[in-house]
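We will go stop by stop.

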Amino acid sequence: MTSERHHDEREEAEVDNAVNATKGGASSQGSGGSLRGMASLRELRLRRKRNGDGTEAQQRIAFVLSGGGNLGSVQIGMLRALLEHNIVPDLVVGCSVGALNGAALADEPTLVGLKRLEQVWRNVDGNDLMPRNLLPNAVALARKGEAIHDNDGLRSLLNEAMRARTFEDLTIPFQCVATDVMGVREVWFDKGPLIDPILASSAMPALYPSVEIDGVKYLDGAIVNDVPLTRAVDLGATTLYILHVGSFSRPRAQPRRPLDVAVQAYWIARHYRYKRDLEALPDSVTAHVLPHGQPPLMRYNDFTRTPELMTTAYEASTAYLDELAAAAADATPPERRRRASSDGVFAF
């Protein structure tokens, strides 16, 4: 019994060391964040299950948050459903608006913290993030300059949405992706200052300007990896909860202008990688694509329907997670990849 206790103590120390190493950095860019009354850091980072031979297997849960602009409020409803089902991630990866929501969750991964983020979303004014231009859109796009809008409003929103100012301040390990414009590659941020990498990850082409970090210009991470599930797997995740806003599951109007075709092509490219990566997941990884209901068609700068988006996604995701819980209680293994949403539209 004594030797077994010592073994467990050594194992716990090894887990804590591994967690600290994970927080220390991986690919791009320093004291650890408070758990604010939650369980121990080790319990948040590692969940164990038994193999058939009685040995312990490690299960790491990752939340994967996609881009999606003003549809990002959908993820708030999904996150609420997850936390209410006591599903807390060991790792969070995000892209674009998913980087904003993911970082805020990693800052305070509780229902109280999520309520704070929800209130931020409810208070968003589209004119603060994307001020209405006095010029027609076609003229604004044709004029000289890198983008239609500046990112001052988005920076203010980030400062309001979370207390953390560095990756190391966060409670749960978090990473976000941005596109290196000149290097033509995806770059992952996981240490150092937090706000600028999220701004870089959210710098939608033509809408927001590129963000320069250490002499390198970055644009929206969705250009290269909109739904970064492969990153989560590379970091050791075995169970993925994918919070994809699923904009391609909605009926889309026929393009009427050349610009519409260009935007459609951009979205197709993003969606193609997601579908390919999802189908290529190894059998050892369980992926849950959370249903979002049916988001309405809206202009890119319309934030007036945020409450509706959050509620619809919350109800759809709650129903899905209830089904999973019921299946687990019946000892019926759920499908490795669940795709159906509450409205019958596949999420990919």
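Select H271 in helix α12, which spans residues 258-279. Helices (H or I, at least four residues) and strands (E, at least two) are DSSP runs, numbered from the N terminus. H271 is buried, at a relative accessible area of 16%. Buried means under 20% relative accessible area, exposed over 50%, and partly exposed in between (1.4 Å probe, protein chains only).

A word on the model before moving on. It is predicted: local features need pLDDT of at least 70, side-chain atom pairs count only at pLDDT 80 or more, and totals for chains, interfaces and linings use all residues. Residues are numbered from 1 along each chain as its sequence is written, and side-chain values use heavy atoms, with hydrogens and water left out.

Next, the aromatic rings. How many aromatic pairs does a search of the whole structure find? There are four. Rings of Phe, Tyr and Trp (its six-membered ring) pair if their centres lie within 6.5 Å; planes under 30 degrees apart count as stacked, over 60 as edge-to-face and the rest as tilted.

Select F63 and Y241, one of the pairs.

Then go to W121 and F303. This pair is tilted, at 6.3 Å centre to centre and 35° between the planes. W121 belongs to helix α5, while F303 is in the loop between β10 (286-289) and α13 (306-329), 182 residues away. W121 and F303 are both buried.

Last, two backbone stops. Most residues other than glycine have a negative phi. Select S96, in the loop between β4 (91-95) and α4 (97-107). Its phi is positive, near 60°. Is S96 buried or exposed? S96 is buried, with a relative accessible area of 4%.

Now jump to D214, in the loop between β7 (211-213) and β8 (216-220). Phi of D214 is also positive, with a value near 50°. D214 is exposed, with a relative accessible area of 72%.
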